Amino acid sequence: VASARPTALDTHANVVLRHAPGAGEALLVALDAALAGDKGNLSGGAATAVVARARWKGRKQVLAEMSGVMATALGLSAREVHEAVQERERLGSTGVGEGVAIPHARIETLSRPVGGFARLVEAADFEAIDERPADLIFMLLAPTDAGADHLRALARAARVFRQERIRSALRQAQTEDAVLAILSPDRTINA
């Protein structure tokens, strides 16, 4: 199996959204090795932007809690992130169907797009066109001036989450390490 060559879209606050060409359009959501304190190892203790089994109820709580997770990982204000996400959500739902929602917003202090993931134990209504509640949440944050990069990152996330095998694997994942193994197959987890 050929190894993917990830390309970082962001290293702001050591959180990255990556894309691995040749890995089936795999969207890589990971923490920079510097945040984990070990090159190539994302194990324990470090703050992450991945929640494998979130027990949040309803869209409002999901957006608030995921905003907090992202803010913590990025060293941003949770209020700033949540307000930006809420503002975007008021324009129209970010439920994309098949149990997936991709809430997103623009944050002035970011230099590049970044993403985080949560799998909900109980799906929340994101008003998707297929009327299916979302249990797979991918939050994307981008700089205010990153028009094309933001759109490319959104399109990439949508392509990845359209894949049934990835959705199914994420629904079976019970730990952050398992989620990272699915979304970042080129990274060493708990080695």
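At what angle do H5 and helix H6 pack, and how far apart are their axes? In this predicted model, H5 and helix H6, the latter spanning residues 176-183, pack at an angle of about 170 degrees, and their axes lie 9 Å apart. Because angles over 145 degrees count as roughly antiparallel, H5 and H6 are therefore roughly antiparallel to each other. The crossing in which H5 passes H6 is right-handed. On the H5 side the contact is made by Ile166, Ala169 and Leu170, and on the H6 side by Val179, Ile182 and Leu183.

These two helices belong to a protein chain that has 6 helices and 9 strands. Of the 191 residues in the chain, 49% are buried, and the chain exposes about 8,900 Å², of which carbon and sulfur atoms supply 49%. Among the contacts between residues at least 6 apart in sequence, 63% join residues that are at least 24 apart.

Side chains of opposite charge can pair when their charged atoms come close. A search of the whole structure finds 8 salt bridges, and one of them joins Arg167 to Glu98, with the closest N and O atoms 3.4 Å apart. Arg167 lies in helix H5 (residues 164-172), whereas Glu98 lies in the loop between strand S5 (95-97) and strand S6 (100-101), so the pair ties together parts that are 69 residues apart in sequence.

Glu164 is partly exposed, with a relative accessible area of 46%. Considered together with Arg132, the residues Glu98, Glu164 and Arg167 are linked in a network of salt bridges.

Which residue does the side chain of Arg171 meet in a salt bridge? The partner is Asp135, at an N to O distance of 2.8 Å. This pair links distant parts of the chain, for Arg171 is in helix H5 and Asp135 is in strand S9 (residues 134-142), 36 residues apart. Arg171 is buried, with a relative accessible area of 18%, and Asp135 likewise counts as buried, at 13% relative accessibility.

Asp135 leads on to Ala118, which touches Asp135 as well as Val51, Trp56, Met66, Leu136 and Ile137, when residues up to four places away in sequence are not counted. Ala118 and Ile137 are 19 residues apart in sequence, and their C-alpha atoms are 5.1 Å apart in space.

Notes:
Residues are numbered from 1 along each chain as its sequence is written. This is a predicted model: local features need pLDDT of at least 70, side-chain atom pairs count only at pLDDT 80 or more; totals for chains, interfaces and linings use all residues. Side-chain values use heavy atoms; hydrogens and water are left out. Helices (H or I, at least four residues) and strands (E, at least two) are DSSP runs, numbered from the N terminus. Buried means under 20% relative accessible area, exposed over 50%, partly exposed in between (1.4 Å probe, protein chains only). Contact means heavy atoms within 4.5 Å. Accessible areas come from the Shrake-Rupley method with a 1.4 Å probe; for residues, only the protein chains shown count as cover. A salt bridge is a side-chain nitrogen of Lys or Arg within 4 Å of a carboxyl oxygen of Asp or Glu. Axes are lines fitted to C-alpha atoms, for helices over the stretch in contact, and angles run from 0 to 180 degrees between N-to-C directions. Angles under 35 degrees count as roughly parallel, over 145 as roughly antiparallel, 65 to 115 as roughly perpendicular and the rest as oblique. A crossing is left-handed if the near helix is turned anticlockwise from the far one by less than a right angle, and right-handed if clockwise.
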